[in-house]
Amino acid sequence: MGDEMKLRKEELVENPTARVPVCLCLDVSGSMTGAPIEELNQGVRLFFESLSNDEVAKYSAEVAVVTFGGFAAQKHFDFGSLASQTVPQFQAGGGTPLGAAVGLAVDMLEARKKEYSSTGIDYYQPWLVLMTDGQPTDDISGAASRTVSLIENRKLTIFPIGIGPQADMSVLAQFSPKRSPLRLKGLNFREFFEWLSKSVSRVSQSIPGTNVPLDEKGIKGWSEL
Amino acid sequence: MERAVVSWLCSSAAVRGRAHNRRREPCQDRARAIRRDGVTAIALADGAGSARLSHFGAETAVRAVLRFSCRYFDELFSSEPGEVRGRVVSHVCDALGACAATQKASIQDMATTLLVVAVKGSRFLAVHVGDGVIACERDGVSSVLSSPTRGEYANETVFITSRKAPDALFLARGDVRPYTAFALMSDGSATVLYDRRESRIAPAVRTIWGWLDRNTPSDVESALRHNLRDLFLEKSSDDCSLAIMRRRVTQIAAIAECDLEFQKLILGCTSSRSVRSRLSVLRCMEEEDYSVEPDALATIAKKTGLSIERASFHAFSMRQMLS
């Protein structure tokens, strides 16, 4: 084949990579003080590093972080490319305003989806990772009914994770009508976030018509089943 | 005005994407062209990643829809749109069901998207279910004839086996004379050939159509395969496929100067004997002012030494191809 029938890159178009929005909704209440918050910080750092080192996921994954501690939910940072974000460092303290945090996370996910649609960017089903080690100190009913409705309408995938023996799994279950909450094995945050980054990577590489099953075997590495 | 012969030249290619290569899975895209019963048609299918036998599904769907659109072109062109949608989907699904039975599988294991363009004389029809794009060149301007049907999420689309396929099926029919080219692209190829935000076709598509003006379809096919593999797979991890057709207008006097392979393509022949017959018939038709009345056909048969049936067959076929 001569050069006559070779296309040039300039003749092709560039489409934005389809995005996988992931919101981490993390408990940083007083009970997380000490080893749990240190392990959580390391796990989240590992999560960002793993995604940044993945050739596809680094362009498609968009992570937002919401924490709940003190008296309020806090948006650490909104969705954006991994390159534009710095890995957060959390401090533990205060109560567990879980309902407010989930409400804020869902607001952020909904807003991001609207932005994708208005700018013509394709996206995958959003993920919400919810981690807590105790009991909520606010009303969760409104936030729980929102996540239940979204999940039942295939608008959201939720991963409710309990940390330690005090985590109230029945509370977490109220947010997740399809997937039972899982309890973290010890303080295996790193194993969990490594699994999460691999799962995000698999979704980011999926093609139309593909259902991406979760890596069930990998879950055993971090969860008490 | 001197008459010319209008023909449609076609090429197609499909290559396995990086994701399937890594998992040693077959390419689930298929693209083919056919010329039969006075119809020139191209079809492309992109098998569903989640369907375990979708490579069989894509192959079966492409073959079934090409045969169907050639055989029933006139009915598909003139029937009610709802009836056409139902007939196309049920014919392809019947073929998929038969193939699934031989594989001891369900029809959902054969799920695939489907894109088709068929041309007969001065008429065309286009059918599209699912993602991928149908591009066209009309009055010298390239544009999107049919855009992808997708769900809310990037990995969702409609397949020919989906319940909503008849409603989601895009159907276009009309006068082909303003059109000079068509292209079918799978979702993988559309990543680099279709600007989703602007709904615009990449300049590369026009370049590719131009290749068929100066090269044989088999050379273009080989070039397509190289470009898909070397350039498209850099940008897309999905399988990539493309089927193109290009209108070619050749003055009758110039046909005799072409080499035999091109004469076959231009005149729609498969043998050199058939080329000789059609050229003789063409020359006689010119003398008879392109009439296909019984007297004219009898004269053509006498002058060419062909039976009246063969002379009529060639004359009617050629009349459909004359500008």
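1. In this predicted model, Glu288(B) has a relative accessible area of 22% and is therefore partly exposed. Glu288(B) forms a salt bridge with Lys303(B), and their closest N and O atoms lie 3.7 Å apart. The pair links distant parts of the chain, with Glu288(B) in the loop between H11 and H12 of chain B and Lys303(B) in helix H12, 15 residues apart. Lys303(B) counts as partly exposed, at 47% relative accessibility.

2. Asp289(B) is placed between helix H11 (272-287) and helix H12 (294-304) of chain B, and its phi is near 60 degrees, a positive value in a residue other than glycine. Tyr290(B) belongs to the loop between H11 and H12 as well, and the phi of Tyr290(B) is also positive, near 60 degrees. Most residues other than glycine have a negative phi.

3. Are Asp289(B) and Tyr290(B) buried or exposed? Asp289(B) has 64% relative accessibility, so it counts as exposed. Tyr290(B) has 9%, so it counts as buried.

4. One salt bridge crosses between the chains. Glu14(A) pairs with Lys235(B), the closest N and O atoms being 2.7 Å apart. This pair runs from the segment before strand E1 (20-27) of chain A, where Glu14(A) lies, to helix H8 (residues 217-235) of chain B, which holds Lys235(B). Glu14(A) is exposed at 56% relative accessibility, whereas Lys235(B) is partly exposed at 37%.

5. Other salt bridges may be noted. Over all chains the count comes to 34. Among them, Arg138(B) and Asp139(B) are joined with their closest N and O atoms 3.8 Å apart; Arg138(B) is partly exposed at 37% relative accessibility, and Asp139(B) is exposed at 58%. In chain A, a network of salt bridges links Arg19(A), Glu62(A), Arg112(A) and Glu115(A).

6. As to the overall architecture, chain A has seven helices and seven strands, in the order β-α-α-β-β-α-β-α-β-α-β-α-α-β from the N terminus. The radius of gyration of chain A is 19 Å, close to the 17 Å given by the globule rule for 225 residues, so chain A is as compact as a globular protein of that length. Its C-alpha atoms fill a box of roughly 70 × 30 × 30 Å along the principal axes.

7. The packing and surface of chain A complete the note. Of its 225 residues, 54% count as buried. Among contacts between residues at least 6 apart in sequence, 76% join residues at least 24 apart. Chain A exposes about 9700 Å², of which carbon and sulfur atoms supply 49%. The mean positions of its 22 positive and 27 negative charges are 4 Å apart.

Technical notes. Residues are numbered from 1 along each chain as its sequence is written. Chains are lettered from A and ligands numbered from 1 in the order in which they are written. This is a predicted model: local features need pLDDT of at least 70, side-chain atom pairs count only at pLDDT 80 or more; totals for chains, interfaces and linings use all residues. Side-chain values use heavy atoms; hydrogens and water are left out. Helices (H or I, at least four residues) and strands (E, at least two) are DSSP runs, numbered from the N terminus. The radius of gyration is taken over C-alpha atoms; the globule rule is 2.2 Å times the number of residues to the power 0.38. Buried means under 20% relative accessible area, exposed over 50%, partly exposed in between (1.4 Å probe, protein chains only). Contact means heavy atoms within 4.5 Å. Accessible areas come from the Shrake-Rupley method with a 1.4 Å probe; for residues, only the protein chains shown count as cover. Lys and Arg count as positive and Asp and Glu as negative; His and the chain ends are not counted. The place of a charge is taken as NZ of Lys, CZ of Arg, CG of Asp or CD of Glu. A salt bridge is a side-chain nitrogen of Lys or Arg within 4 Å of a carboxyl oxygen of Asp or Glu.
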